[in-house]
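Q: I'm new to this one. Can we go through it together, piece by piece?

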Amino acid sequence: MGLLECCARCLVGAPFASLVATGLCFFGVALFCGCGHEALTGTEKLIETYFSKNYQDYEYLINVIHAFQYVIYGTASFFFLYGALLLAEGFYTTGAVRQIFGDYKTTICGKGLSATVTGGQKGRGSRGQHQAHSLERVCHCLGKWLGHPDKFVGITYALTVVWLLVFACSAVPVYIYFNTWTTCQSIATPSKTSASIGTLCADARMYGVLPWNAFPGKVCGSNLLSICKTAEFQMTFHLFIAAFVGAAATLVSLLTFMIAATYNFAVLKLMGRGTKF
């Protein structure tokens, strides 16, 4: 019953805001990285098929796309690791977890946990003592790192600023595809526009996607409308929207983490004790 009581008190003292932020972070990063990777691949195919006939015109673009895809791999790995650390920090600075690692060892809960870790009476042997000593050293090292929310405040703040730029950049392809889609809607319903259908174009060069000497570089009229109706264009457009939503979710999670870490640091610094967030 001591161990059950310990688990119940741990659940009561769980940092639910950090748990929600962690889930939102994992969801946002997975959505951003997965959809962004596939959207970049789709953009590469669209450029190769419809906007340029010369490989040298879009060679630099392909290199940039491949570089971004490798960055996406690293971003996914980093955020999943850092999100787990932030969640662990949130748990550690809760009153219940601080009691487990500190004064809580003398209570029934601490005795139940210690008996489970060390194997009850077997823990009195040399092997049990060695296991308990090793676990104590691991907990001490972990607590020494997680017990300083000020470190996470600075890192999370810098990471939030960087991700704010990523969020802004993720809106650029959505804007480009939306403009192209709007142009296609004007071509499909010529009665709603006074311009000639032949003059309605999507020019990849004006966005810096292709150099100005690229040929043809732009697609106009009915040819552009046929591109917009392809599954590749529709899928790539929606994938960029999903990546944008994932970037927004990740930004919200980082802001939540930063608020939580700042609050925990303020309580630990000013009041000298842990708190729940």
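Q: How far is the sulfur of Cys35 from the closest cysteine sulfur?
A: The distance is 9.8 Å, to the sulfur of Cys33, which is too far for a bond. A disulfide here needs two cysteine sulfur atoms within 2.5 Å.

Q: Is Cys35 buried or exposed?
A: Cys35 counts as buried, at 14% relative accessibility. Buried means under 20% relative accessible area, exposed means over 50%, and partly exposed is in between (1.4 Å probe, protein chains only).

Q: What about Cys25, where is its closest cysteine sulfur?
A: That one is also in Cys33, 9.9 Å away, and too far for a bond. Cys25 is buried, with a relative accessible area of 2%.

Q: What kind of model am I looking at?
A: This is a predicted model: local features need pLDDT of at least 70, side-chain atom pairs count only at pLDDT 80 or more, and totals for chains, interfaces and linings use all residues. Residues are numbered from 1 along each chain as its sequence is written, and side-chain values use heavy atoms, with hydrogens and water left out.

Q: Back to cysteines. How many disulfides does the structure hold?
A: There are two disulfides. One is formed by Cys184 and Cys228, with sulfur atoms 1.8 Å apart. Cys184 lies in helix α7 and Cys228 in helix α8, so this pair ties together parts that are 44 residues apart in sequence. Helices (H or I, at least four residues) and strands (E, at least two) are DSSP runs, numbered from the N terminus.

Q: Why is the Cys184 and Cys228 disulfide called right-handed?
A: The torsion about its S-S bond is about 50 degrees, so the disulfide is right-handed. Both Cys184 and Cys228 are buried.

Q: Which cysteine is joined to Cys201?
A: Cys220 is, with an S to S distance of 1.8 Å. This pair links distant parts of the chain, 19 residues apart: Cys201 is in strand β1 and Cys220 is in strand β2 (residues 218-220). The link of Cys201 and Cys220 is right-handed, with 105 degrees about the S-S bond.

Q: How accessible are Cys201 and Cys220?
A: Cys201 counts as partly exposed at 24% relative accessibility. Cys220 is partly exposed too, with a relative accessible area of 21%.

Q: What is the pairing, numbering the bonded cysteines in sequence order?
A: The pairing is 1-4, 2-3.

Q: New topic. How many salt bridges are there?
A: The count is one. A salt bridge is a side-chain nitrogen of Lys or Arg within 4 Å of a carboxyl oxygen of Asp or Glu. Here Arg205 pairs with Asp203, and their closest N and O atoms are 3.0 Å apart.

Q: Are Arg205 and Asp203 buried or exposed?
A: Arg205 counts as buried at 15% relative accessibility. Asp203 counts as buried at 13%.

Q: Which element gives the most to the lining of the largest pocket?
A: Helix α7 does, with eleven residues. Other contributors of at least two residues include α2 (16-51), α3 (55-92) and α9 (231-270).

Q: How does the pocket lining divide by class?
A: The lining has 34 nonpolar, six polar and two charged residues. Ala, Val, Leu, Ile, Met, Phe, Trp, Tyr, Cys and Pro count as nonpolar, Asp, Glu, Lys and Arg as charged, and the others, Gly among them, as polar.

Q: And how many cavities of 30 Å³ or more?
A: There is one. The largest cavity holds about 40 Å³ of space. Among its lining residues are Ser18, Glu89, Phe257 and Asn264. The largest share of that lining, four residues, comes from α9.

Conventions
1 Å grid on protein atoms, 1.4 Å probe; cavity = no way out; pocket = protein on both sides within 12 Å on 5 of 7 lines; lining within 4 Å. Points joined across faces, edges and corners; volume = space filled by probe spheres on them.
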